[in-house]
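Reader: Could you walk me through this model, one feature at a time? I would like to learn how to read each one.

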Amino acid sequence: KSVFLNGFIQEEVYVEQPLGFVDFKYPNHVYKLKKALYGLKQAPRSWYDKLSKFLIENDYVRGKVDNTLFVKKFKKDTMYVQIYVDDIVFGSSNPSLCEEFVKTMQGEFEMSMKGELTFFLGLQIKQLNDGTFISQSKYCNELLKKFGMDGCKEAATPNLDLDEKGTTVENSKFRGIIGSLLYLIASRPNIIFVVCLCARFQANPKESHLKFVKRIPKYLKGTINVRLWYPKGVSLSLIGYSDSDYAGCRIDRKSKSGTCHLHGSALVSWHSKKQACVALSIVEAKYIVT
(Lines give C-alpha, C1' and ligand atoms only; values in the text may rest on other atoms or scores of the structure.)
Protein backbone atom coordinates (compact mmCIF):
# COMPACT_ATOMS: atom_id res chain seq x y z
CA LYS A 1 0.00 0.00 0.00
CA SER A 2 1.36 3.44 -0.96
CA VAL A 3 4.36 1.55 -2.25
CA PHE A 4 5.78 4.44 -4.29
CA LEU A 5 5.85 6.68 -1.20
CA ASN A 6 8.41 4.40 0.47
CA GLY A 7 11.29 5.08 -1.89
CA PHE A 8 13.77 7.94 -1.34
CA ILE A 9 14.93 9.51 -4.60
CA GLN A 10 18.60 10.26 -5.22
CA GLU A 11 18.03 12.96 -7.86
CA GLU A 12 17.03 16.57 -7.18
CA VAL A 13 13.39 16.85 -8.31
CA TYR A 14 10.96 19.77 -7.94
CA VAL A 15 7.19 19.84 -8.56
CA GLU A 16 4.65 22.62 -8.88
CA GLN A 17 2.12 23.20 -6.12
CA PRO A 18 -0.98 21.11 -6.95
CA LEU A 19 -4.26 22.86 -7.73
CA GLY A 20 -6.30 23.44 -4.59
CA PHE A 21 -3.22 23.21 -2.35
CA VAL A 22 -1.39 26.40 -3.34
CA ASP A 23 0.31 28.29 -0.50
CA PHE A 24 -1.14 31.82 -0.65
CA LYS A 25 2.01 33.31 0.95
CA TYR A 26 4.31 31.68 -1.64
CA PRO A 27 2.17 30.96 -4.73
CA ASN A 28 5.18 30.88 -7.08
CA HIS A 29 7.26 28.48 -5.00
CA VAL A 30 7.78 24.80 -5.83
CA TYR A 31 8.23 21.70 -3.69
CA LYS A 32 11.45 19.73 -3.47
CA LEU A 33 10.68 16.01 -3.30
CA LYS A 34 12.20 13.86 -0.57
CA LYS A 35 10.37 10.68 -1.62
CA ALA A 36 9.16 9.38 -4.96
CA LEU A 37 5.62 10.08 -6.16
CA TYR A 38 3.39 7.81 -8.22
CA GLY A 39 3.91 8.64 -11.88
CA LEU A 40 7.49 9.83 -11.40
CA LYS A 41 9.83 7.86 -13.64
CA GLN A 42 12.27 7.36 -10.75
CA ALA A 43 9.52 5.89 -8.52
CA PRO A 44 9.79 2.16 -9.41
CA ARG A 45 13.59 2.23 -9.13
CA SER A 46 13.48 4.07 -5.78
CA TRP A 47 10.97 1.56 -4.41
CA TYR A 48 13.04 -1.40 -5.62
CA ASP A 49 16.21 0.07 -4.05
CA LYS A 50 14.42 0.53 -0.74
CA LEU A 51 12.91 -2.96 -0.75
CA SER A 52 16.05 -4.78 -1.95
CA LYS A 53 18.16 -3.02 0.68
CA PHE A 54 15.70 -4.08 3.38
CA LEU A 55 15.71 -7.72 2.22
CA ILE A 56 19.50 -7.88 1.96
CA GLU A 57 19.78 -6.48 5.49
CA ASN A 58 17.58 -9.41 6.56
CA ASP A 59 20.05 -11.95 5.06
CA TYR A 60 18.35 -12.46 1.69
CA VAL A 61 20.56 -12.94 -1.36
CA ARG A 62 19.68 -11.29 -4.66
CA GLY A 63 19.48 -13.62 -7.69
CA LYS A 64 22.33 -13.33 -10.21
CA VAL A 65 20.14 -14.03 -13.24
CA ASP A 66 16.87 -12.52 -12.01
CA ASN A 67 17.55 -9.44 -9.87
CA THR A 68 13.96 -9.43 -8.60
CA LEU A 69 14.36 -12.87 -6.98
CA PHE A 70 15.65 -13.05 -3.40
CA VAL A 71 16.61 -16.25 -1.62
CA LYS A 72 17.30 -16.98 2.03
CA LYS A 73 18.70 -20.37 3.05
CA PHE A 74 18.31 -22.00 6.42
CA LYS A 75 19.63 -25.36 7.63
CA LYS A 76 17.26 -27.59 5.68
CA ASP A 77 14.84 -25.08 4.21
CA THR A 78 14.86 -22.26 1.67
CA MET A 79 12.76 -19.12 1.40
CA TYR A 80 12.03 -17.61 -2.03
CA VAL A 81 10.76 -14.05 -2.57
CA GLN A 82 9.82 -12.78 -6.07
CA ILE A 83 9.25 -9.05 -6.57
CA TYR A 84 7.08 -7.52 -9.29
CA VAL A 85 6.71 -3.75 -8.79
CA ASP A 86 4.34 -3.59 -5.79
CA ASP A 87 3.43 -7.31 -5.74
CA ILE A 88 5.40 -9.95 -3.85
CA VAL A 89 5.10 -13.70 -4.36
CA PHE A 90 6.86 -15.81 -1.74
CA GLY A 91 7.07 -19.43 -0.70
CA SER A 92 9.12 -21.87 1.32
CA SER A 93 9.51 -25.54 2.11
CA ASN A 94 8.69 -24.60 5.71
CA PRO A 95 5.37 -22.75 6.34
CA SER A 96 6.73 -21.13 9.51
CA LEU A 97 9.29 -19.24 7.41
CA CYS A 98 6.44 -17.71 5.38
CA GLU A 99 4.76 -16.53 8.57
CA GLU A 100 8.04 -15.03 9.77
CA PHE A 101 8.48 -13.23 6.45
CA VAL A 102 4.99 -11.72 6.66
CA LYS A 103 5.65 -10.38 10.16
CA THR A 104 8.99 -8.91 9.04
CA MET A 105 7.46 -7.16 6.04
CA GLN A 106 4.40 -5.86 7.88
CA GLY A 107 6.70 -4.48 10.56
CA GLU A 108 8.44 -2.31 7.95
CA PHE A 109 5.76 -1.63 5.30
CA GLU A 110 2.00 -1.27 5.22
CA MET A 111 0.82 -4.28 3.24
CA SER A 112 -2.06 -6.74 2.93
CA MET A 113 -2.06 -10.50 2.35
CA LYS A 114 -3.92 -11.96 -0.63
CA GLY A 115 -3.63 -15.58 0.53
CA GLU A 116 -2.49 -18.59 -1.45
CA LEU A 117 -1.37 -17.78 -4.99
CA THR A 118 -4.07 -18.64 -7.55
CA PHE A 119 -3.74 -15.92 -10.20
CA PHE A 120 -0.74 -13.73 -11.03
CA LEU A 121 0.01 -11.60 -14.13
CA GLY A 122 -2.44 -13.58 -16.23
CA LEU A 123 -1.10 -16.94 -15.05
CA GLN A 124 -3.48 -19.32 -13.30
CA ILE A 125 -1.84 -21.39 -10.58
CA LYS A 126 -3.49 -24.46 -9.09
CA GLN A 127 -1.60 -25.97 -6.17
CA LEU A 128 -2.23 -29.62 -5.29
CA ASN A 129 -0.69 -31.97 -2.77
CA ASP A 130 1.45 -33.68 -5.41
CA GLY A 131 2.37 -30.65 -7.55
CA THR A 132 1.36 -27.41 -9.22
CA PHE A 133 -0.41 -26.61 -12.50
CA ILE A 134 0.27 -23.36 -14.38
CA SER A 135 -1.94 -22.31 -17.28
CA GLN A 136 -3.43 -19.32 -19.13
CA SER A 137 -6.79 -20.80 -20.10
CA LYS A 138 -8.67 -17.73 -18.81
CA TYR A 139 -6.47 -15.50 -20.95
CA CYS A 140 -7.07 -17.81 -23.95
CA ASN A 141 -10.84 -17.44 -23.56
CA GLU A 142 -10.52 -13.65 -23.30
CA LEU A 143 -8.30 -13.59 -26.41
CA LEU A 144 -10.84 -15.58 -28.43
CA LYS A 145 -13.68 -13.35 -27.27
CA LYS A 146 -11.68 -10.17 -27.98
CA PHE A 147 -11.24 -11.07 -31.66
CA GLY A 148 -14.71 -12.56 -32.10
CA MET A 149 -13.44 -16.13 -32.38
CA ASP A 150 -14.95 -17.70 -29.27
CA GLY A 151 -17.33 -19.73 -31.47
CA CYS A 152 -14.71 -20.78 -34.03
CA LYS A 153 -13.89 -24.36 -34.99
CA GLU A 154 -10.68 -26.03 -33.93
CA ALA A 155 -7.79 -26.09 -36.44
CA ALA A 156 -4.13 -26.99 -36.78
CA THR A 157 -1.45 -24.43 -37.71
CA PRO A 158 -0.21 -24.81 -41.34
CA ASN A 159 3.05 -23.53 -42.85
CA LEU A 160 3.34 -19.85 -43.73
CA ASP A 161 4.40 -18.58 -47.19
CA LEU A 162 6.02 -15.25 -48.07
CA ASP A 163 3.17 -14.36 -50.51
CA GLU A 164 4.78 -11.22 -51.97
CA LYS A 165 2.03 -10.81 -54.62
CA GLY A 166 -0.86 -11.19 -52.21
CA THR A 167 -3.40 -8.49 -51.37
CA THR A 168 -2.27 -6.20 -48.54
CA VAL A 169 -4.67 -5.88 -45.59
CA GLU A 170 -4.97 -3.31 -42.80
CA ASN A 171 -2.41 -4.29 -40.16
CA SER A 172 -4.12 -3.19 -36.92
CA LYS A 173 -6.02 -6.45 -36.35
CA PHE A 174 -3.01 -8.52 -37.43
CA ARG A 175 -0.79 -6.69 -34.95
CA GLY A 176 -3.45 -6.95 -32.24
CA ILE A 177 -3.60 -10.74 -32.52
CA ILE A 178 0.21 -11.02 -32.56
CA GLY A 179 0.56 -8.78 -29.50
CA SER A 180 -2.00 -10.82 -27.56
CA LEU A 181 -0.36 -14.12 -28.54
CA LEU A 182 3.15 -12.98 -27.55
CA TYR A 183 2.06 -12.77 -23.91
CA LEU A 184 0.58 -16.26 -24.14
CA ILE A 185 3.89 -17.94 -24.99
CA ALA A 186 4.89 -17.54 -21.32
CA SER A 187 3.09 -20.83 -20.65
CA ARG A 188 2.60 -22.22 -24.17
CA PRO A 189 5.91 -23.38 -25.69
CA ASN A 190 3.95 -25.15 -28.46
CA ILE A 191 3.07 -21.85 -30.19
CA ILE A 192 6.24 -19.82 -29.68
CA PHE A 193 7.74 -20.49 -33.13
CA VAL A 194 4.62 -19.89 -35.19
CA VAL A 195 3.78 -16.67 -33.30
CA CYS A 196 7.27 -15.25 -33.76
CA LEU A 197 7.17 -16.26 -37.43
CA CYS A 198 3.92 -14.35 -37.98
CA ALA A 199 5.37 -11.33 -36.16
CA ARG A 200 7.79 -10.85 -39.05
CA PHE A 201 4.92 -9.74 -41.32
CA GLN A 202 3.41 -7.05 -39.09
CA ALA A 203 4.62 -4.16 -41.27
CA ASN A 204 2.91 -5.37 -44.47
CA PRO A 205 0.57 -8.34 -43.86
CA LYS A 206 -1.25 -10.04 -46.74
CA GLU A 207 -4.66 -11.71 -46.75
CA SER A 208 -2.98 -15.12 -46.48
CA HIS A 209 -1.01 -13.95 -43.43
CA LEU A 210 -4.16 -12.73 -41.67
CA LYS A 211 -5.90 -15.99 -42.49
CA PHE A 212 -2.92 -17.90 -41.16
CA VAL A 213 -2.61 -15.95 -37.90
CA LYS A 214 -6.33 -16.55 -37.22
CA ARG A 215 -5.62 -20.27 -37.24
CA ILE A 216 -3.50 -19.91 -34.10
CA PRO A 217 -6.50 -18.92 -31.91
CA LYS A 218 -8.39 -21.77 -33.58
CA TYR A 219 -5.61 -24.10 -32.51
CA LEU A 220 -5.82 -22.66 -28.98
CA LYS A 221 -9.56 -23.37 -29.01
CA GLY A 222 -8.79 -27.09 -29.14
CA THR A 223 -5.90 -26.99 -26.66
CA ILE A 224 -7.23 -24.41 -24.22
CA ASN A 225 -6.78 -26.68 -21.20
CA VAL A 226 -3.14 -27.57 -21.92
CA ARG A 227 -1.14 -26.73 -18.78
CA LEU A 228 2.40 -26.88 -17.41
CA TRP A 229 2.79 -29.46 -14.63
CA TYR A 230 5.39 -29.16 -11.86
CA PRO A 231 5.25 -32.25 -9.61
CA LYS A 232 6.66 -32.59 -6.11
CA GLY A 233 9.21 -35.10 -4.92
CA VAL A 234 10.96 -35.71 -8.26
CA SER A 235 14.68 -36.01 -8.95
CA LEU A 236 16.53 -32.72 -9.36
CA SER A 237 18.49 -33.74 -12.45
CA LEU A 238 18.65 -31.27 -15.37
CA ILE A 239 17.79 -32.87 -18.72
CA GLY A 240 17.90 -31.17 -22.12
CA TYR A 241 16.42 -32.19 -25.48
CA SER A 242 17.01 -30.74 -28.92
CA ASP A 243 15.76 -31.52 -32.41
CA SER A 244 15.49 -29.97 -35.86
CA ASP A 245 13.73 -30.53 -39.15
CA TYR A 246 15.21 -30.23 -42.63
CA ALA A 247 14.36 -27.11 -44.70
CA GLY A 248 11.14 -26.74 -42.74
CA CYS A 249 10.69 -23.01 -43.37
CA ARG A 250 8.83 -22.51 -46.65
CA ILE A 251 10.03 -18.91 -46.95
CA ASP A 252 13.81 -19.40 -47.17
CA ARG A 253 14.11 -23.20 -46.76
CA LYS A 254 16.13 -22.92 -43.56
CA SER A 255 15.83 -25.64 -40.95
CA LYS A 256 14.00 -25.06 -37.66
CA SER A 257 15.58 -25.99 -34.33
CA GLY A 258 13.94 -26.50 -30.96
CA THR A 259 15.21 -27.21 -27.46
CA CYS A 260 13.67 -27.76 -24.04
CA HIS A 261 15.10 -28.33 -20.57
CA LEU A 262 13.47 -30.20 -17.73
CA HIS A 263 14.34 -29.93 -14.05
CA GLY A 264 13.37 -33.40 -12.97
CA SER A 265 10.14 -33.81 -14.92
CA ALA A 266 9.20 -30.09 -14.86
CA LEU A 267 9.63 -28.02 -18.02
CA VAL A 268 11.60 -24.90 -17.07
CA SER A 269 13.05 -23.58 -20.35
CA TRP A 270 12.26 -23.81 -24.06
CA HIS A 271 12.88 -22.10 -27.37
CA SER A 272 12.29 -22.62 -31.07
CA LYS A 273 13.94 -20.73 -33.92
CA LYS A 274 15.27 -20.90 -37.46
CA GLN A 275 18.89 -21.86 -38.01
CA ALA A 276 21.19 -19.08 -39.20
CA CYS A 277 22.37 -20.91 -42.32
CA VAL A 278 20.83 -23.25 -44.89
CA ALA A 279 21.59 -26.90 -44.13
CA LEU A 280 22.34 -29.15 -47.11
CA SER A 281 21.17 -32.33 -45.40
CA ILE A 282 19.19 -33.53 -42.39
CA VAL A 283 22.46 -34.66 -40.79
CA GLU A 284 23.88 -31.15 -41.10
CA ALA A 285 20.68 -29.62 -39.69
CA LYS A 286 20.86 -31.86 -36.62
CA TYR A 287 24.61 -31.20 -36.27
CA ILE A 288 23.97 -27.42 -36.15
CA VAL A 289 21.39 -27.69 -33.36
CA THR A 290 23.77 -29.75 -31.22
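Reader: Let us start with Asp 59: is it buried or exposed?

Author: Burial is read from relative accessible area, and over 50% counts as exposed. In this predicted model, Asp 59 has a relative accessible area of 55%, so it is exposed. The residue sits in the loop between H1 and strand S3 (61-62).

Reader: What is the phi of Asp 59?

Author: Phi is positive there, at about 70 degrees, although Asp 59 is not a glycine. Leu 121 is another case to look at: its phi is near 55 degrees, a positive value in a residue other than glycine. You will find Leu 121 in the loop between strand S7 (119-120) and strand S8 (123-128). With 35% relative accessibility, Leu 121 counts as partly exposed.

Reader: Thanks! Now to helices. How does one describe a packed pair?

Author: Two packed helices are described by the angle between their axes and by the distance between those axes. Take helix H1 (residues 43-57) and helix H2 (residues 95-108): their axes come within 12 Å and cross at roughly 130 degrees. That angle makes H1 oblique to H2. The crossing of the two is right-handed.

Reader: Which residues of H1 and H2 make the contact?

Author: H1 brings Lys 50, Leu 51, Phe 54 and Leu 55, while H2 brings Phe 101, Thr 104, Met 105 and Glu 108. Sorted by class, the contact of H1 with H2 has five nonpolar residues, one polar and two charged.

Reader: How should I read distance along the chain against distance in space?

Author: Ile 88 and Glu 12 are 76 residues apart along the chain, and their C-alpha atoms are separated by 29 Å. Now try Asp 87, also found in strand S6. Asp 87 and Val 3 are 84 residues apart in sequence and 9.6 Å apart in space, C-alpha to C-alpha.

Reader: What does Asp 87 touch?

Author: Not counting residues up to four places away in sequence, Asp 87 touches Gln 82 and Phe 120. Its relative accessible area is 35%, so Asp 87 is partly exposed.

Reader: Let us return to helices. At what angle do H4 and H5 pack?

Author: Helix H4 (residues 171-184) and helix H5 (residues 192-199) pack at about 150 degrees, with their axes 10 Å apart. H4 passes H5 in a left-handed crossing. From H4, Phe 174, Ile 178, Leu 181 and Leu 182 meet Val 195, Cys 198 and Ala 199 in H5. By class, the contact of H4 with H5 divides into seven nonpolar residues, no polar and no charged.

Reader: And how do H4 and H6 pack?

Author: H4 packs with helix H6 (residues 207-222) at an angle of about 35 degrees, the axes being 10 Å apart. This crossing of H4 and H6 is left-handed. On the H4 side are Lys 173, Phe 174, Ile 177, Ile 178, Leu 181 and Leu 184, which meet His 209, Leu 210, Val 213, Lys 214, Ile 216, Pro 217 and Leu 220 in H6. The contact of H4 with H6 divides into 10 nonpolar, one polar and two charged residues.

Reader: One more residue, please. Is Gln 275 buried or exposed?

Author: Here the cut-off for buried is under 20%. Gln 275 has a relative accessible area of 5%, so it is buried. Its place is in the loop between strand S13 (266-274) and helix H7 (282-289).

Reader: Which backbone oxygen does the side chain of Gln 275 reach?

Author: The side chain of Gln 275 reaches the backbone oxygen of Ala 285, at 2.8 Å. Leaving aside neighbours within four places in sequence, Gln 275 is in contact with residues including Ser 244, Lys 254, Ile 288 and Val 289.

Definitions and conventions: Residues numbered from 1 in each chain as written. Predicted model: local features only at pLDDT ≥ 70, side-chain atom pairs only at ≥ 80, totals over all residues. Heavy atoms only, no water. Axes fitted to C-alpha atoms, helices over the stretch in contact; angles between N-to-C directions. Helix = DSSP H or I, 4+ residues; strand = E, 2+ residues; numbered from the N terminus. Parallel < 35°, antiparallel > 145°, perpendicular 65-115°, else oblique. Left-handed = near helix turned anticlockwise from the far one by under 90°. Contact = heavy atoms within 4.5 Å. Nonpolar A, V, L, I, M, F, W, Y, C, P; charged D, E, K, R; others polar. Buried < 20%, exposed > 50% of the residue type's maximum accessible area, 1.4 Å probe, protein only. Polar contact = N/O pair within 3.5 Å; in protein donor to acceptor, adjacent residues only side chain to side chain.
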